[in-house]
Amino acid sequence: MSKISVMVNGLPGNVASTLIPHILADENFSLIPASLTGPDTLEEQVSCCGVNFSLIKPADRDAWISDVLLKNSGLVAIDYTHPSAVNANAIFYAKHQIPFVMGTTGGDREALSESILQSSTCAVIAPNMAKQIVGFQAMMAHAAENFPDLFKGYTLRIEESHQSGKADTSGTAKAMVRYFNSLGIPFNVDAIEMERNPERQENVWGIPAEHISGHAWHTYTLRSEDGSVCFQFTHNINGRDVYARGTLDAVSFLRQKMIMGCKGQVFSMIDVLKG
Ligand SMILES: NC(=O)C1=CN([C@@H]2O[C@H](COP(=O)(O)OP(=O)(O)OC[C@H]3O[C@@H](n4cnc5c(N)ncnc54)[C@H](OP(=O)(O)O)[C@@H]3O)[C@@H](O)[C@H]2O)C=CC1
Ligand SMILES: O=C(O)C1=N[C@H](C(=O)O)C[C@H](O)C1
């Protein structure tokens, strides 16, 4: 099968940069040496793993993309940009019929799905591409569907810690809230406790110093009314490499769906894992 052309958007950001060596090392993909970037990015180019990437600002991208699409049929976009860019980027991909993997969190998630449903393209949208976490989400989805109100009367505490530059509350934690709600616990995403203080992350949480600038630690604690029962679910990720494999699986999944003629469909990472 021919290689899948991939465009990684969000360079020179952290996750986009982490993905580059994984894509270059995988013979199933060919990488476009350009990336959609933010309006305030000063550089016009960035070098990553020996490749020079042109950085394309929002104002220039409509004029730029037609030539890319002519030369790269079957192009799939990967988006790890900024919560403020999610909806405009989705509209851009939909307008140019580019299937995309949306790893970026935040924005208006309903409008995000809507922009695909009304388009001729498809997307995989998920706040977490780490396949083992997606598997855990699938277990939670199963419990939520089959055992409604299993934890009725329990209290829930959700704590998450990420690097201080993270712009929003964890999208993964927000997605988990829905499952806990179905399991009988009224909980609002506003009650998620965020840690962004590097000093506390190292000294109170015990996050290794080398990962203070890139980590995702989550703990969900459930306690029964009388305090006699406690459940705790924890997933702690250091660095960002774990997101690469899931992202590339999502790209391959999406390419297959497009070859099969799918249009206007939104897939989750649980779909990718099952596929
Ligand atoms: N789904 C998943 O598994 C995961 C999701 N994420 C999510 O991915 C996103 C990116 O995270 P991270 O790499 O750490 O963030 P960074 O802030 O390091 O990088 C974001 C990059 O996007 C650029 N950008 C800003 N606006 C636009 C735009 N309109 N179009 C294109 N690029 C733009 C920024 O440029 P500038 O700095 O100039 O503004 C920056 O280079 C976050 O939402 C995060 O939560 C992270 C890890 C895993
Ligand atoms: O910004 C991050 O780093 C991460 N963002 C995602 C989220 O908001 O849940 C996934 C993971 O937690 C890392």
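**View 1. Thr172 is buried, with a relative accessibility of 4%.** Buried means under 20% relative accessible area, exposed means over 50%, and partly exposed lies in between (1.4 Å probe, protein chains only). This is a predicted model, in which local features need pLDDT of at least 70, side-chain atom pairs count only at pLDDT 80 or more, and totals for chains, interfaces and linings use all residues; side-chain values use heavy atoms, without hydrogens or water. Residues are numbered from 1 along each chain as its sequence is written, while chains are lettered from A and ligands numbered from 1 in the order in which they are written. Thr172 sits in helix α6 (residues 171-182). Helices (H or I, at least four residues) and strands (E, at least two) are DSSP runs, numbered from the N terminus. Which residues does Thr172 touch, not counting those up to four places away in sequence? They are Pro127, Asn128, Ile133, Gln137, His218, Tyr220 and His235. Contact here means heavy atoms within 4.5 Å. Glu114 is 58 residues from Thr172 along the chain, and their C-alpha atoms are 20 Å apart.

**View 2. An open sheet is built from 6 strands with parallel pairing.** The strand order is β2-β1-β6-β7-β8-β13. Two strands pair if DSSP finds at least two bridges between them. Strands β2 (29-31) and β13 (265-267) are at the edges, each with a single partner strand, so one side of each has no neighbour in the sheet. From one strand to the next, the twist averages 25°. Strand β8 (residues 122-125) runs parallel to β13, and 3 bridges join them. Cys122 has Gln265 in β13 as its bridge partner. Helix α4 (residues 109-117) lies across β7 (100-102), β8 and β13. Helix α4 runs at about 155° to β8. Axes are lines fitted to C-alpha atoms, for helices over the stretch in contact, and angles run from 0 to 180 degrees between N-to-C directions.

**View 3. Helix α2 (residues 61-71) has Arg61, Ile65 and Val68 as its buried residues.** Down the axis of α2, these buried residues fall within an arc of 65°, so they line one face of the helix. The arc is that of the directions from the helix axis to the C-beta atoms. An α-helix has 3.6 residues a turn, so residues three or four places apart point the same way. The cover over the buried residues of α2 includes β1 (4-9), β3 (34-36), β5 (51-56) and α3 (86-95). Exposed Ala63, Leu70 and Lys71 are on the face of α2 turned away from its buried side.

**View 4. Strands β4 and β5 form a hairpin with 2 residues between them.** The two strands run antiparallel and are joined by 4 bridges. Ser47 stands opposite Asn52 in β5. Side chains alternate along β4 (residues 45-48).

**View 5. Asp26, Lys131, Arg245 and Asp249 are linked in a network of salt bridges.** A salt bridge is a side-chain nitrogen of Lys or Arg within 4 Å of a carboxyl oxygen of Asp or Glu. Asp249 meets Lys131 at 2.6 Å, N to O. Asp249 lies in helix α8 (residues 242-259) and Lys131 in helix α5 (residues 131-146), so this pair ties together parts that are 118 residues apart in sequence. Asp249 also bridges to Arg245, with the closest N and O atoms 3.4 Å apart. Arg245 and Asp249 are 4 residues apart in α8, about one helical turn. Relative accessible area is 22% for Asp249, which is partly exposed. Lys131 is partly exposed at 28%, and Arg245 is partly exposed at 39%.

**View 6. Glu160 and Arg196 form a salt bridge.** Their closest N and O atoms are 2.7 Å apart. Glu160 lies in strand β9 (residues 155-162) and Arg196 in the loop between β10 (193-195) and α7 (198-203), so the pair ties together parts that are 36 residues apart in sequence. Are these two residues buried or exposed? Both Glu160 and Arg196 are buried. The whole structure has 10 salt bridges.

**View 7. Residues 136-273 carry the UniProt feature "domain: Dihydrodipicolinate reductase C-terminal", from an unreviewed entry.** UniProt positions are in the numbering used here, feature names are shortened, and annotations may be inferred rather than shown by experiment. The span is 38% helix and 23% strand. Its end C-alpha atoms lie 11 Å apart.
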